[in-house]
Amino acid sequence: MNMNVLSSNAFTPPHLLPSRRSPTRNLFSPPASAMSGRKRKADDDGSSDDRMSASPSMSTAELPRPQPRHMKRMRTNLSGRPLPLPRLLETLSADEMRSLLQSICQRHPDIGNEVVSTAPRPSIQSTLEVLSKYEAAFQAAFPFGGRSSSDYAYNRVRQQLIELLESLKDFTPHYLPPNEQQPATSLAFLDGATDIIHRLPNWDTYQHNRHKEEAYEEMAKAWAIVIREAAKKAGGIQLQYGGWDQKIAKHNDVSGGKMQEAVHELRGGLGWMANDAAPPATSGPEDAMSIRQQLLSGNYGMGASPGIGAW
């Protein structure tokens with residue numbers, strides 16, 4: 001009986017057997033967690049392989065190029081604004097700059113004082129160049145044709161003549177002691193400034209010549225001040241060896257004797273050399289009548305004919 005039961009069960013088809021509550025599981029299949037872990041690992045490996053094996057299909061021209069670090073990008077938020085002060089000053093000419101600075105100094109005297117105290121001292125050459133510009137403007141104002149000494153010519157150039165003499169009057173005190181401590185500098189400026197006065201015309205009307213006469217008077221006083229101070233330094237060595245005795249004598253001749261005050265001051269400054277300068281007995285007449293001997297003896301200008309600057 002038992003054999004029959006066993007045999008019957010052995011030949012029962014599988015689909016006719018009673019069902020089980022839990023589904024059958026293949027004992028040889030790996031767990032689901034292991035499969036998912038292997039799948040993730042394979043995906044990671046595949047993505048890495050794909051990245052390593054990817055061919056450079058993108059052109060190098062499409063790749064972004066790094067900007068040089070020393071170059072600055074242009075500002076994109078552009079809007080209207082005034083020029084910075086350094087750029088504005090670059091656009092101004094010398095005359096515009098001078099006019100602007102003068103206007104600011106007039107409105108703010110403290111700034112003007114600071115400019116005067118900090119600005120470099122003008123040289124003789126630069127000052128004479130400025131005076132030459134005024135003289136050139138004066139000469140250019142003369143009308144064409146006619147006599148340059150006529151009343152008509154005077155009326156045409158009167159404004160430029162006053163500007164020239166005013167500039168000369170402003171510059172001269174700058175080169176006088178005690179503002180200027182070097183006599184050589186003072187004498188060199190006075191020499192060039194006096195030449196400018198010599199070149200002024202003598203007008204037909206006597207009243208028009210007052211400008212030139214006053215300029216000679218002021219210039220003679222300036223020469224006297226400088227000579228007096230130069231005689232105190234090193235015994236007037238610069239007056240003796242600088243040839244200033246001859247230059248002053250020439251200026252006096254050209255002005256028609258209007259520089260006589262400077263001549264008198266020079267004679268007093270060189271008086272200590274009278275004994276050394278006395279000519280020997282064997283001297284010729286030219287040495288006895290030298291300019292220096294005339295200055296020291298007080299005979300300079302006596303019997304001399306008027307210079308070309310005489311009225």
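**Exercise 1.** At what angle do helix α6 and helix α8 pack, and how far apart are their axes?

*Solution.* The structure is a predicted model.
Step 1. Locate the two elements: helix α6 covers residues 124-140 and helix α8 covers residues 183-198.
Step 2. The packing angle is about 10 degrees, and the axes lie 11 Å apart.
Step 3. Angles under 35 degrees count as roughly parallel; α6 and α8 are therefore roughly parallel to each other.
Step 4. On the α6 side, the contact is formed by I124, T127, L128, L131 and E135. On the α8 side, T185, A188, F189, G192, A193 and I196 take part.
Step 5. Sorted by type, the residues of this contact comprise 7 nonpolar, 3 polar and 1 charged.

**Exercise 2.** Determine whether the span of helix α9 agrees with its number of residues.

*Solution.* Step 1. Helix α9 runs over residues 210-232, which gives 23 residues.
Step 1. The expected span is 1.5 Å times one less than the number of residues, so α9 should span 33 Å.
Step 2. The end C-alpha atoms of α9 are 34 Å apart, which agrees with the expectation.

**Exercise 3.** Identify the buried residues of α9 and what covers them.

*Solution.* Step 1. The buried residues of α9 are H211, K212, A215, Y216, M219, A220, A222, W223, A224, V226, I227 and A230.
Step 1. An α-helix has 3.6 residues a turn, so residues three or four places apart point the same way.
Step 2. The cover over the buried residues of α9 includes α7 (151-171), α8, α10 (237-241), α11 (244-254) and α12 (260-269).

**Exercise 4.** Is K221 buried, partly exposed or exposed?

*Solution.* Step 1. K221 belongs to helix α9.
Step 1. The relative accessibility of K221 is 37%, so K221 counts as partly exposed.
Step 2. K221 and E265 are 44 residues apart along the chain, and their C-alpha atoms are separated by 9.7 Å.

**Exercise 5.** Describe the chain as a whole, and state where confidence in the model falls under 50.

*Solution.* Step 1. The chain contains 15 helices and 0 strands.
Step 1. Of its 311 residues, 25% are buried.
Step 2. Among contacts with a separation of 6 or more, 68% join residues 24 or more positions apart.
Step 3. The mean pLDDT is 77, with 61% of residues reaching 70 or more.
Step 4. Over residues 272-285 the pLDDT stays under 50, and the model has 9 contacts for this stretch beyond four places in sequence. Residues 303-311 also have a pLDDT below 50, with 19 contacts in the model beyond near neighbours in sequence.

Conventions. Residues numbered from 1 in each chain as written. Predicted model: local features only at pLDDT ≥ 70, side-chain atom pairs only at ≥ 80, totals over all residues. Heavy atoms only, no water. pLDDT = per-residue confidence, 0-100. Contact = heavy atoms within 4.5 Å. Axes fitted to C-alpha atoms, helices over the stretch in contact; angles between N-to-C directions. Helix = DSSP H or I, 4+ residues; strand = E, 2+ residues; numbered from the N terminus. Parallel < 35°, antiparallel > 145°, perpendicular 65-115°, else oblique. Nonpolar A, V, L, I, M, F, W, Y, C, P; charged D, E, K, R; others polar. Buried < 20%, exposed > 50% of the residue type's maximum accessible area, 1.4 Å probe, protein only.
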